[in-house]
Amino acid sequence: MVKVKSRFVCQNCGSSFAKWAGRCENCGEWNSLLEQVAPTEAEAKSALAKGAVSGKKLQAVSINTIEPSDSGSRLGTGFADLDTVLGGGILLGSVSLLAGQPGIGKSTLLMQICAHVSAAGHKVLYVSGEESAGQVKLRAVRLGATSDLLHFASSASGNDIAKTIEEGGYDLVIVDSIQTLSLAEISSAPGTVSQVSNCGNLIIRAAKASGTAVVIVGHVTKEGTLAGPKVLEHLVDVVCNFEGDRYGGFKTVRAVKNRFGSTTEVAIFEMADKGLKEVKNPSEALLSERQNTDGSIIMATIEGTRPLLVEIQALVNPTNFGYPKRTASGFDLNRLNILIAVLEKRTKLSLQDKDIFINVVGGLRLNDSAADLAICMAIASAAAGRKLNDKIVVFGEVGLGGEIRSVIAPDRRIAEAKKLGFDHAIAPATIKDKFVLPVKDLRSALVKYMNNK
Ligand code: TYD
Ligand code: MG
């Protein structure tokens, strides 16, 4: 009898091992290895041998003779900012992945897109493996999706869905979600690497063959990685992340991979009783409830190519027991620890026996290095009980030496601050503008401007 060989494949990153282990050596995920039957040696060998002899020479053509396939074949989503994120709408024949935590609003957003696209006279199909027709209908009614051209099917079969995409003559198909799909030929559970990558491949092939735009929903884990396999991100054309607070606050959609556009844009949404709404003037909304207490600093940040004013709040309390606690919501904790170390060393502020909490208002996540100065000033303000003048915004990167470094797009940050009625910006000294109060290092910034009790 031939012994069947098996491999252990990580369900998170897709790497495979000869032996089972509790933790994947490649990505460090715990308990993610699953046994899979490997192709036999004879099969592998014959495939290799075939590849070596039976290929034929490719017919390559000059790049100048090729017609670009992207001309007027995009579907508008009904959200101007989301269209920009996608590079001008959803391209026919493309496959996009919308990834986000459960409950963030993926199904809602896609149903709204379906409503818009079908109302514009396109044939649209919404396939759900998660919800019944009745549930989806309830949401559709609430969101005003009433066109006859919008079809619904409930299915968890990758094969059936691929076939429908290929032959249904739809312009747009939504698959909600990839983690619920499976192929009968594969024995592993839905959501595993082999199910997701094979279903994904079938759907992608069907989409390309029929010129249908497909949007696949993918759930992510709390840590923000795609639940189940990361492999899907490599297969699709566009990967959009839906991030933010599940319970109110702003939600952002940004492209982390886009074969047809840039990945710098971001669309900002808010959940209302009739679905998601684009937030047109986020700075104003973010600042509307502000109280100027100590520990509160307004920072001018950039989201994509868009300037945004956000409030950063710090709370500094004496540590009652054990190690001091440092917590950040909306900001990287490692970066916070570095900034606290810089503050202690370069400004002689004593923080080793203080609990420090940072909050970025509105559920936003800051990935902007220009937040450094605002975070430092917020901590210093909270620690000293002093306030910054409330007509001043702050931006700048802080180096380990306590020096203030220049950041991208200072003019756009300044323009946004002016627009919202601020008088000055504390910013790197390299910027030549009358609006800017230039600072060279952290210490002088605190000494000079942190003076109102
Ligand atoms: P949903 O789109 O189902 O999230 P996901 O598909 O990402 O899991 O719904 C997200 C939440 O939004 C849900 O808890 C209910 C809420 N919601 C509204 O507040 N208003 C609405 O109009 C709709 C449709 C949903
Ligand atoms: Mg859903």
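Predicted model: local features only at pLDDT ≥ 70, side-chain atom pairs only at ≥ 80, totals over all residues.
- In general, the strands of a sheet pair through backbone hydrogen bonds, and the pairing is either parallel or antiparallel.

- Strand E10 (residues 213-219) is mostly covered, since 7 of its 7 residues are buried, a word used here for a relative accessible area under 20%.
- Ala213, Val215, Val217 and His219 point one way from E10, while Val214, Ile216 and Gly218 point the other way, and the residues on both sides are buried.
- Strand E6 (residues 95-100) runs parallel to E10 and is joined to E10 by 6 bridges; in this pairing, Ser96 has Val215 of E10 as its bridge partner.
- Strand E9 (residues 172-176) also pairs with E10 in the parallel sense, over 4 bridges, and there Val175 stands opposite Ile216 of E10.

**Two pairs of packed helices**

- Two packed helices are described by the angle between their axes and by the distance between those axes.
- For helix H10 (residues 371-384) and helix H12 (residues 442-449), the axes come within 11 Å and cross at roughly 50 degrees, and the two helices are therefore oblique to each other.
- The crossing of H10 and H12 is right-handed, and it brings Leu373, Cys376, Met377 and Ala380 in H10 to meet Leu442, Ala445 and Leu446 in H12.
- Sorted by class, the residues of the contact of H10 with H12 are 7 nonpolar, no polar and no charged.
- Helix H3 (residues 106-119) and helix H4 (residues 133-143) pack with their axes 10 Å apart and at an angle of about 60 degrees, which makes H3 oblique to H4.
- The crossing of H3 and H4 is right-handed, and the contact is made by Ser107, Thr108, Met111 and Gln112 of H3 together with Val136, Arg139, Ala140 and Leu143 of H4.
- The contact of H3 with H4 divides by class into 4 nonpolar, 3 polar and 1 charged residues.

- Glu166 is found in helix H5 (residues 158-167) and counts as partly exposed, at 44% relative accessibility.
- Glu166 touches Ala206 and Ser210, when residues up to four places away in sequence are not counted.
- Although Glu166 and Ser210 are 44 residues apart in sequence, they are 5.3 Å apart in space, taken from C-alpha to C-alpha.

**Backbone details in the loops**

- The peptide bond from Asp176 to Ser177 is cis, with omega near -5 degrees, and Ser177 is found in the loop between E9 and helix H6 (193-210).
- Lys348 has a positive phi of about 60 degrees, although Lys348 is not a glycine; Lys348 is found in the loop between helix H9 (333-347) and strand E18 (354-360), and is exposed, with a relative accessible area of 66%.
- Ala409 likewise has a positive phi, near 50 degrees, in a residue other than glycine; Ala409 lies in the loop between strand E21 (404-405) and helix H11 (410-419), and is buried, with a relative accessible area of 17%.

Technical notes
Residues numbered from 1 in each chain as written. Chains lettered and ligands numbered in written order. Heavy atoms only, no water. Axes fitted to C-alpha atoms, helices over the stretch in contact; angles between N-to-C directions. Parallel < 35°, antiparallel > 145°, perpendicular 65-115°, else oblique. Left-handed = near helix turned anticlockwise from the far one by under 90°. Contact = heavy atoms within 4.5 Å. Nonpolar A, V, L, I, M, F, W, Y, C, P; charged D, E, K, R; others polar. Buried < 20%, exposed > 50% of the residue type's maximum accessible area, 1.4 Å probe, protein only. Pairing = 2+ DSSP bridges.
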